[in-house]
Amino acid sequence: MDPRIQLIKGDITKQKVDGIVNAANSSLMGGGGVDGAIHRAGGPAILDDCRKIIARQGSCKTGEAVITKAGNLPASYVIHTVGPVWNGGEKGEAAKLASCYINSLTLAVEYHLPTISFPNISTGIYGYPKKEAALIAIKTVSGFLLENPFIKTIFFVCFDEENHNIYNDLLSKQSL
Ligand code: ADP
């Protein structure tokens, strides 16, 4: 496993990194889960930026990512990406979930953000099976890191015990 990948159990709003990723919805207007926690902790500066983005480009589509200031958060930026809603697995969910990671990391490189924290996108309200989502997250991030020496550390921040155990198991394996 790439040594630049780290596992953390905790709250992503507390991470002192260059960028944290938000599992947003396409309206970018906040919501439940990690999205709500980020907007609550970061304050109105984040929503202000989100409104400007929506005015400029319309909604943020599934798999895409946009970037805003981080307001009162210890991180410098928030990258908002819209994960797929789980719909049985035959609706392109896996490719869309992989796009979330790739598009978020592409923004991180563009904005010169060497340390990034990811939540477990789509595995809450959006219902993506946790192990399948973790496999996609780890494989996609590992592949991106191979081609991007600029990225220093990627933290997978697991809020719930179940995701933390799944990531722990997968990351301790030699190969996936
Ligand atoms: P989605 O709609 O993409 O499923 P959710 O926010 O419902 O988004 O859940 C995504 C993941 O975020 C879940 O695994 C959930 O446990 C986790 N989560 C919720 N709150 C936080 C937080 N404060 N920090 C990190 N992860 C969180």
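Residues Lys-130, Lys-131, Ala-133, Ala-134, Leu-135, Ala-137 and Ile-138 of α4 are in contact with Glu-162, Asn-163, Ile-166, Tyr-167, Leu-170 and Leu-171 of α5, contact meaning heavy atoms within 4.5 Å. The model is predicted, so local features need pLDDT of at least 70 and side-chain atom pairs count only at pLDDT 80 or more, while totals for chains, interfaces and linings use all residues. Residues are numbered from 1 along each chain as its sequence is written, and side-chain values use heavy atoms, with hydrogens and water left out.

Two packed helices are described by the angle between their axes and the distance between the axes. For α4 and α5 the angle is about 50 degrees and the axes are 10 Å apart; axes are lines fitted to C-alpha atoms, for helices over the stretch in contact, and angles run from 0 to 180 degrees between N-to-C directions. The two helices α4 and α5 are therefore oblique to each other, the class left after roughly parallel (under 35 degrees), roughly antiparallel (over 145) and roughly perpendicular (65 to 115).

Helices are DSSP runs (H or I, at least four residues) and strands likewise (E, at least two), numbered from the N terminus. Helix α4 covers residues 130-147, and at 1.5 Å a residue its 18 residues should span 26 Å, which agrees with end C-alpha atoms 26 Å apart; the expected span is 1.5 Å times one less than the number of residues.

Among the buried residues of α4 are Ile-136, Val-141, Phe-144 and Leu-145, where buried means under 20% relative accessible area, exposed over 50%, and partly exposed in between (1.4 Å probe, protein chains only). The cover over the buried residues of α4 includes β1 (5-9), α3 (93-110), β5 (115-118), β6 (153-158) and α5 (161-172).

Side chains of opposite charge can pair when their charged atoms come close. The whole structure holds five salt bridges, each a side-chain nitrogen of Lys or Arg within 4 Å of a carboxyl oxygen of Asp or Glu.

| Pair | N to O distance |
|---|---|
| Arg-4 and Asp-2 | 3.0 Å |
| Asp-11 and Lys-14 | 3.6 Å |
| Asp-49 and Lys-69 | 3.0 Å |

Asp-49 lies in helix α2 (residues 44-57) and Lys-69 in strand β3 (residues 65-69), so this pair ties together parts that are 20 residues apart in sequence. Asp-49 is buried at 12% relative accessible area, whereas Lys-69 is partly exposed at 43%. Both Arg-4 and Asp-2 are buried. Asp-11 is partly exposed at 24%, and Lys-14 is exposed at 56%. A network of salt bridges links Lys-130, Asp-160 and Glu-162.
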